[in-house]
Amino acid sequence: MTRQNQDKEKISLLFICLGNICRSPAAHAIMQRDVDDAGLNDRFSIDSAGIGPWHVGSLPDRRMRQHGARRGLDVSHIARQFDAGRDFRSFDYIVVMDDDNYRTITKMASTDADRRKVIKMSDYLKDHPGAQSVPDPYYGDGADFEQALDLIEDGCSHLLQAIKGKDDGLAMD
Ligand code: 4NP
C-alpha cells in the first residue's frame, strides 16, 4: 500500500476557531492525546486552523499553552488560516467551536456534502449539558481558559467515541 493510500484511509479531523491560537489548537492537542491514548494514532490525522488571518505563523496564546501544560498537554500548533478549497477536500470532519464559526464555515461550503462535514463541538458536550458553544477565552481570564479546556476535553472525548461507534474498523474497548 502506498503512503498516499494509507493516508486516505485515515479519518481526518480539522478543528476550527476564530484565531487558531486558543480553542482550536487546544482541541487539536487534546484529540491527538486521546487518539494516541486509544492506540489509534495511525488511523487519525488531526489539524487545526483559524477563520481569521491575524495570528498565522504564531504559536498558541501563551495562556492556553500554560493552562494546557498543567494538564500535560503540548499545545504548540503553528497557526494557519482555513483554506476552503483545500480543507473541504482534505478533511472528513470540520469541527467548529461556536455558532459564528459554524455560520462562517458552512457559508464557504460549495456542496451539501462539504456542508455536512461541518459539525459543532457543542453537540458532543455531554458532561456540560447546558453548554451551547466553546466560548472564546481570548479576552477572558484564567478561569475562562480552564473552562474552555474542560469543555474541549468533554467534546473531544465524546466526539472520538461517536466516530469510533460509526467506524467498525475502529472497534476497540
Ligand atoms: P480563538 O481565540 O478563536 O480561540 O483562537 C481568539 C484569538 C484571537 C482573536 C480572537 C479569538 N483575535 O481577535 O485576535
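# A friendly tour of the structure

User: Which elements are included in what covers the buried residues of helix 5?

Analyst: Bear in mind as we go that this is a predicted model. Cover here comes from both strands and helices. Included are helix 4 (84–90) and helix 6 (112–116), along with strand 1 (11–17), strand 3 (93–96) and strand 4 (118–120).

User: Around the axis of helix 5, how many degrees does the arc of those buried residues cover?

Analyst: Let's name them: helix 5 (residues 99–107) has Asn101, Ile105 and Thr106 as its buried residues. They sit on the same side of helix 5, because the arc they cover around the axis is only 115 degrees.

User: Which backbone nitrogen does a side-chain oxygen of Asp98 reach at the start of helix 5?

Analyst: Look at the start of helix 5, where you will find Asp98. One of its side-chain oxygens comes to within 3.2 Å of a backbone nitrogen, and that nitrogen belongs to Asp100.

User: How many charged residues does the shell around the ligand have?

Analyst: The residues around the ligand include Cys17, Gly19, His55 and Tyr138, and also Arg23 and Asp136. Sorted by class, the shell has six nonpolar and three polar residues, and the charged ones number two.

User: Why does Asn20 count as buried?

Analyst: Asn20 is one of the residues around the ligand, and its place is in the loop between strand 1 and helix 2 (23–37). Residues under 20% relative accessible area are called buried. Asn20 therefore counts as buried, with a relative accessibility of 0%.

User: Which residue's side chain makes a polar contact of 3.0 Å with the side chain of Asn20?

Analyst: Leaving out residues up to four places away in sequence, Asn20 touches several residues, among them Pro25, Ser48, His77 and Arg80. A polar atom of the Asn20 side chain is 2.9 Å from the backbone nitrogen of Arg80. The side-chain partner at 3.0 Å is Ser48.

User: Which residues does Gly57 contact, leaving aside neighbours within four places in sequence?

Analyst: Gly57 is in the loop between strand 2 (44–50) and helix 3 (62–70). With those neighbours set aside, Gly57 is in contact with Ile78 and Ala79.

Conventions: Residues are numbered from 1 along each chain as its sequence is written. This is a predicted model: local features need pLDDT of at least 70, side-chain atom pairs count only at pLDDT 80 or more; totals for chains, interfaces and linings use all residues. Side-chain values use heavy atoms; hydrogens and water are left out. A residue is near a molecule or strand if one of its heavy atoms lies within 4 Å of it. Ala, Val, Leu, Ile, Met, Phe, Trp, Tyr, Cys and Pro count as nonpolar, Asp, Glu, Lys and Arg as charged, and the others, Gly among them, as polar. Buried means under 20% relative accessible area, exposed over 50%, partly exposed in between (1.4 Å probe, protein chains only). Helices (H or I, at least four residues) and strands (E, at least two) are DSSP runs, numbered from the N terminus. The arc is that of the directions from the helix axis to the C-beta atoms. Contact means heavy atoms within 4.5 Å. A polar contact is a pair of N or O atoms within 3.5 Å; within protein, one must be able to donate a hydrogen and the other to accept it, and residues adjacent in sequence count only if both atoms are side-chain atoms.
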